[in-house]
Amino acid sequence: MAFKRMELEDWFDNYQFEVDYDIGESGVKFFTVKDLGVDLSDVQLRYGHHKGNPELRELIASGFPGLKASHVAVTSGASESIFAIMASLLGPSDNVLVEVPTYPSLYHIPQSLERDVSLYFLKYEDEFKLDIDRLAKEIRPNTKLICLTHPNNPTGSVITKVELEEVIKLVESKGIYLLMDETYRDLTFDEPLPLAATLSPKVISVSSMSKAFGVPGIRIGWVAADEWIIDSVRAVREQITICNPAPSEKIAMSILQRKDEFLKGIKANVIDNFRLMNEWIQKRDDIEWIPPKGGVVGFPRLVKDEAADDLCRLLVERYRTFVVPGYCLKMPRHFRLGYGGHKEEIINGLERLDKALRELYSTQK
Ligand SMILES: Cc1ncc(COP(=O)(O)O)c(C=O)c1O
């Protein structure tokens with residue numbers, strides 16, 4: 001079994017602390033404990049419930065009609081949810097079909113577990129929309145699980161309710177499962193779809209406090225699914241993390257108790273930043289993108305058919321500005337931009353992106 005490093009995380013670990021402007025981050029701007037006003041002084045630092053704090057599970061479930069706390073397990077980020085689902089659901093000869101581009105864990109984990117992994121690529125030419133007929137053709141006799149991510153990281157593409165229902169019909173007809181990574185659901189520009197796991201016992205929803213709520217450092221995510229899947233997730237995590245950090249669970253509860261109010265300001269800022277970035281890109285003739293419809297990231301590409309690696313390296317090394325090169329996400333002509341941060345930082349970052357693009361193309365002439 002080989003756990004190789006993920007190129008995306010390698011890039012982050014090398015550069016994210018070395019820059020002045022971060023316009024590649026996949027979440028909203030981080031909060032401090034002080035910003036949140038959470039008093040942690042009474043938190044008992046004991047082992048917690050293995051499926052997560054019952055009050056926190058109730059709070060998560062209460063946000064979605066039809067969902068009960070017994071359908072929820074709280075984990076160390078969505079990352080642990082994904083690991084536990086892959087480790088418990090996929091047998092040695094099972095295939096998993098993963099939509100890409102996406103957060104690379106979704107294919108790295110089953111590859112590391114030596115499961116059979118196939119990839120279904122969203123295409124720029126299709127505006128990164130899901131083509132269900134093409135997806136259906138990729139299903140093999142041993143496929144047990146399909147993984148989709150919408151709103152998508154890095155493309156910002158979304159799935160419609162009709163498409164989601166069609167995919168659910170497809171997995172039900174094949175007797176297989178759908179893992180919907182809904183980490184960005186709360187940041188859909190329009191009304192979010194129902195939580196996918198509430199639509200069928202064949203659907204597993206994964207989500208997180210990391211992206212929409214600006215607290216990736218608390219490492220709290222969750223999975224919503226049929227109760228037997230929740231039990232399997234617990235069995236896996238009892239061998240890796242056992243339970244969640246008690247201070248993190250308290251912070252997550254404090255945010256979710258004021259979820260709507262909390263998200264209102266965040267969403268307004270995100271949409272404002274998106275408009276700014278979209279206008280900036282639309283005026284250019286050297287890069288182009290499919291405007292995102294949700295989340296906080298987009299995936300522009302160079303108009304010239306070449307890899308964006310040089311651009312990203314130049315940006316980070318000379319202009320101290322962080323974006324994510326597309327090779328980390330299996331599409332090298334692209335790079336990821338994030339618009340979840342402070343407006344000022346985005347404006348400064350885009351100015352440097354402009355300089356880097358000019359420098360790159362002037363040296364190529
Ligand atoms: C789509 C998606 N899923 C899951 C994760 C993992 O998030 P975390 O483990 O911080 O909850 C990420 C992180 O970038 C992501 O973008």
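## The largest pocket

The largest pocket is lined by 26 residues, and E9, S26, Y103, K211 and R219 are the ones that lie nearest its centre. Two elements, helix 1 (7-15) and helix 4, each give two or more residues to that lining. (Helices are DSSP runs of H or I with at least four residues, numbered from the N terminus.) This is a predicted model, where local features need pLDDT of at least 70 and side-chain atom pairs count only at pLDDT 80 or more, while totals for chains, interfaces and linings use all residues. Residues are numbered from 1 along each chain as its sequence is written, and side-chain values use heavy atoms, with hydrogens and water left out.

In volume, the largest pocket comes to about 540 Å³. Its lining splits into eight nonpolar, eleven polar and seven charged residues. For the bookkeeping, a pocket is an open set of points on a 1 Å grid over the protein atoms alone, with protein on both sides within 12 Å along at least five of seven lines, and lining residues have an atom within 4 Å of a point. A volume is the space filled by probe spheres set on the points, which are joined across faces, edges and corners.

## The ligand and its shell

The ligand sits in the largest pocket, meaning that more than half of its atoms lie within 2 Å of the pocket's grid points. Around the ligand are 14 residues, with A78, S79, D181, S208 and K211 the closest; to count, a residue needs a heavy atom within 4 Å. Helix 4 (residues 77-89) gives the most to this shell, with three residues. By type, the shell holds three nonpolar, eight polar and three charged residues, where Gly goes with the polar group and Asp, Glu, Lys and Arg make up the charged one.

Now for the contacts. A ligand nitrogen is 3.5 Å from an N or O atom in the side chain of T183. The protein covers 95% of the 400 Å² of accessible area that the ligand has on its own (Shrake-Rupley method, 1.4 Å probe).

## The cavity

The structure holds one cavity of 30 Å³ or more, a cavity being a set of points where a 1.4 Å probe fits but cannot get out. About 70 Å³ of space lies in the largest cavity. Its lining includes D22, I23, G24 and E25, along with G338, Y339 and I346, and divides into four nonpolar, five polar and three charged residues.

Terms used
Polar contact = N/O pair within 3.5 Å; in protein donor to acceptor, adjacent residues only side chain to side chain.
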